[in-house]
Each structure stands twice: as C-alpha cells, then as structure tokens.
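Q: Hi! Could you walk me through this one?
A: Happy to, let's bring it up.

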Amino acid sequence: CLGKAHVVSDHIKIDKNNIDLRQEIIEKILEELSGEIEKKKIKIDNRLGSIPTGSIVINANQMWIRVVYRNLFKNAIKYGGDGITIAYGYEDHGSFYKFCVYNTGPPVPEQKRDRLFTKFARVDDEPIREGVGMGLFLVKEIINQHGGEIWYEEIDNGSAFFFTLPK
C-alpha cells in the first residue's frame, strides 16, 4: 500500500479506459471479500442511488478504481461491525458521476473526521488494527488524479463516503 501511495502522490499519468464499474470492479471486489462479508453477517444493498443491474461505464483506470472500492468496502467491513448493511450506488449529474459507499455501522467520531484523508491517519485508537493509515489518503489521491473529489458524511447514524468522477 505504501508503494501505491507513493506512486499516485507523485502525480503519475493515469491511463483511463472505459470500464464497466459493476462487472469489472464492484462484483469482483465483493466476490473477493465474500468470506469476510459472510463471516460478519453483512448485508450488501446496491439500491442506494442504484447502480443499474446492467452496467455503468466510466472512463477511469481500472486498477486504481479497484483500489478505491476495495479500500472503501474493506473499511466498511472492518469498522462497521457485525450485521451491518453496506450500500453502494451512484447518481448521474450530467458532466460527472457521484458515487457512494455507505454502511450502517457507527459513524466516524466528529473530532476525528478532519484526519480521514491524511497520511498515517487512524480514526480508532486501538493498536490491534491492521494497516498503517494510508488507505483513505491513497483513495483521495486516486480520485483527485482522476479529476474528482472525495468526502465523508454521517448519514442516518452511519458512514457514507462520496466521490465524484468526471464523465
């Protein structure tokens, strides 16, 4: 992860292609994480803003957008707790798409939200958590390199990460 953060933050050129977000990214990551999802009895809901059952084609770098979704889903699993629902979706805003990954777990404490997208940030104080606090920093760099923005909101006492990508 540290190597990826270094590469992206050094402003490499991100080659973009048309990719099917549902089939090439989201479905593969959910399949990859299915063991953790089943173990923690997590429900997956794709009706939030509803990515259609067909496909949604975006112009992005497949490897890097996979990193974004893998990080957001893994964080929802890790910090959301057992029995939560993870929802994902998008909205079409004409010149850009707005994407969301939401979970019904406890929201990020307000006093720690300003650290979410910074290097080596931890929102929990438990030393047993794996990782080095680079995930959301890396995600922000990737989204920025794609010409988008990312932010966090507490919604319905849950956690929602929104990001945009230009069409």
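**Strands and helices**

Q: Which residue is the bridge partner of Tyr88 in strand 5?
A: Val101 in strand 5 is the bridge partner of Tyr88. This is a predicted model, where local features need pLDDT of at least 70 and side-chain atom pairs count only at pLDDT 80 or more, while totals for chains, interfaces and linings use all residues. Residues are numbered from 1 along each chain as its sequence is written, and side-chain values use heavy atoms, leaving out hydrogens and water.

Q: How many bridges join strand 4 to strand 5?
A: Seven, linking residues 85-92 with residues 96-103, and these two strands run antiparallel. Strands (E, at least two residues) and helices (H or I, at least four) are DSSP runs, numbered from the N terminus.

Q: What order do the strands have in the open sheet?
A: The five strands go 2-4-5-7-6, with mixed pairing; two strands pair if DSSP finds at least two bridges between them. The edge strands are strand 2 (43-45) and strand 6 (150-155).

Q: Which strands does helix 4 touch?
A: Helix 4 packs on the sheet against strand 4, strand 5 and strand 7 (158-166). Contact means heavy atoms within 4.5 Å.

Q: And helix 5, which strands does that touch?
A: Helix 5 packs on the sheet too, touching strand 6 and strand 7.

Q: New topic: which residues in helix 4 meet helix 5?
A: Among them are Trp64, Val67 and Leu72, and the helix 5 side includes Leu138 and Ile142. The contact residues divide into nine nonpolar, three polar and no charged. Here Ala, Val, Leu, Ile, Met, Phe, Trp, Tyr, Cys and Pro count as nonpolar, Asp, Glu, Lys and Arg as charged, and the others, Gly among them, as polar.

How values were computed: Axes fitted to C-alpha atoms, helices over the stretch in contact; angles between N-to-C directions.
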